Amino acid sequence: MARAYTSEAAYSENGGERQGLWSRYTGNRSRGGFAGWSGSGKWRRGMLLAALALLLGLAFFLHAEVPNAIGNLGSLWETFLPWGGLLIVVLLVAAVLRRSATALVALLVPTLMWVNLFGGLFNDKTGSGPADLTVVTHNVNADNADPRGTAKSLAGSGADILALEEVSPAQAASYRSELGRTYRFHKLTGTVGIWSKYPMSDIRTVDIKMGWPRAMRATVRTPKGEVAVYAAHLPSVRVQFRSGFTAGKRDGSAEALGEAIAHDPADKVLLLGDLNGTMNDRALAPITSQMRSAQGAAGDGFGFTWPASFPMARIDQIMVKGADPVSAWTLPATDSDHLPIAAKIDLTE
């Protein structure tokens with residue numbers, strides 16, 4: 001008896017049916033592809049990846065508990081904490097390649113922890129209400145090749161108060177000359193300075209345990225009342241193979257600056273400067289525990305400032321006490337290795 005075959009099948013010489021192209025394709029996918037995700041094997045594979053995912057989740061949730069005893073590892077982790085999200089992506093790719101459902105489920109833990117920490121930063125919190133003061137701070141870099149161009153750019157930002165850090169003695173005259181056209185009042189102490197459109201008084205150096213001036217305070221008389229303005233440049237930190245995250249001097253200076261701010265009698269206080277640390281870094285707690293970040297309260301996104309060529313961390317800060325941030329943003333790059341930052345402040349709180 002003759003047999004009829006569809007185009008999807010062919011007759012084999014041994015008397016049986018031979019699989020057609022579609023049948024062979026689906027069969028191969030079943031054996032080599034989809035079968036890898038079927039059955040109980042998908043739950044047994046990738047236990048190590050699952051364990052790493054859970055540990056990563058704990059590292060996010062308990063970031064303040066990661067010890068600093070060895071190379072200040074905790075502060076290093078907190079400095080680049082947002083970038084820990086890349087580890088989630090790496091583990092996700094590994095889980096897919098391993099065909100591990102267990103690892104994929106475990107990855108929900110660090111993902112939720114990361115979103116809990118940083119998800120709010122993706123909302124634009126910029127306010128539309130009136131602002132009484134616009135402030136800008138910028139680490140201008142002692143090796144800046146174009147200080148006059150940098151000063152002109154900052155003056156064009158519309159800031160009422162401007163704080164500069166890392167002003168070298170060789171560049172000081174350039175900044176004074178260029179900024180003096182816009183800001184009538186100014187004071188440069190060591191390598192930090194404040195330029196203001198409004199009168200300043202009670203100007204003094206703030207001792208942050210460095211041995212030379214890197215922080216100052218001034219009372220600025222604005223149309224909405226007096227404001228204590230601090231400009232500060234905390235010690236730099238380094239990541240070294242032998243000693244780890246060397247931040248001891250920075251931590252001591254942060255404690256001294258925090259103490260000065262805590263004892264300041266002013267009702268309204270602004271801190272502008274390069275703190276060489278992020279808001280997540282526990283070492284800055286003497287400061288961050290009593291002040292609000294303008295970027296965190298009224299910014300859009302992470303607002304990374306350093307390095308300017310590929311910003312990876314926000315170590316430059318505008319912080320307020322007794323005032324309300326309305327908006328915060330980064331300014332275009334200058335010839336510095338830091339990006340300048342700006343904020344609008346409401347002083348009527």
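Glu166 is partly exposed, with a relative accessible area of 22%; here buried means under 20% relative accessible area, exposed over 50%, and partly exposed in between, using a 1.4 Å probe and protein chains only. The residue sits in the loop between strand 4 (161-165) and helix 9 (169-179). Helices (H or I, at least four residues) and strands (E, at least two) are DSSP runs, numbered from the N terminus. Although Glu166 is not a glycine, its phi is positive, at about 65 degrees.

Before we go on, a word about what you are looking at. This is a predicted model, in which local features need pLDDT of at least 70 and side-chain atom pairs count only at pLDDT 80 or more, while totals for chains, interfaces and linings use all residues. Residues are numbered from 1 along each chain as its sequence is written, and side-chain values use heavy atoms, with hydrogens and water left out.

Now let us look at another loop. Asn141 is found between strand 3 (133-139) and helix 8 (147-155). Its phi is near 75 degrees, again a positive value in a residue other than glycine. Asn141 is buried, with a relative accessible area of 13%.

Six strands form an open sheet in the order 7-8-9-12-14-13, with mixed pairing. At its edges are strand 7 (200-205) and strand 13 (292-293), each of which pairs on one side only. Two strands count as paired if DSSP finds at least two bridges between them.

Six of the six residues of strand 12 (residues 269-274) are buried, so the strand is largely enclosed by the rest of the structure. Both of its faces are covered: Val269, Leu271 and Gly273 are buried on one side, and Leu270, Leu272 and Asp274 are buried on the other.

Which strands pair with strand 12? Strand 9 (residues 225-233) pairs with it in the parallel sense over six bridges, and strand 14 (residues 316-321) runs antiparallel to it, also joined by six bridges.

Strand 9 is itself mostly covered, with seven of its nine residues buried. Strand 8 (residues 215-222) pairs with strand 9 in the antiparallel sense over eight bridges, and these two strands form a hairpin with two residues between them. Within that pairing, Thr219 stands opposite Ala228 in strand 9.

Turning to strand 13, we find that it pairs with strand 14 in the antiparallel sense over two bridges. Here Arg292 stands opposite Val320 in strand 14. The loop between helix 12 (294-298) and strand 14 holds Pro307, and a cis peptide bond joins Trp306 and Pro307, with omega at about -15 degrees.

Helix 3 (residues 47-61) has 15 residues and reaches 21 Å from its first C-alpha to its last, close to the 21 Å expected at 1.5 Å a residue; the expected span is 1.5 Å times one less than the number of residues. Its buried residues include Leu49, Ala50, Ala53, Leu56, Gly57 and Phe60. Seen down the axis of helix 3, the buried residues fall within an arc of 120 degrees, so they line one face of the helix; the arc is that of the directions from the helix axis to the C-beta atoms.

What do the buried residues of helix 3 pack against? They pack against helix 4 (73-79), helix 5 (85-98), helix 6 (101-106) and helix 7 (108-118); contact means heavy atoms within 4.5 Å. The face turned away from the buried side carries the exposed residues Leu48 and Leu55.

Our last stop is Ser253, which lies in helix 10 (residues 248-262). Ser253 is buried, with a relative accessible area of 1%. Not counting residues up to four places away in sequence, Ser253 touches Ile208, Lys209, Met210, Leu234 and Pro235. With Ile208, a polar atom of the Ser253 side chain lies 2.6 Å from the backbone oxygen. A polar contact is a pair of N or O atoms within 3.5 Å; within protein, one must be able to donate a hydrogen and the other to accept it, and residues adjacent in sequence count only if both atoms are side-chain atoms.
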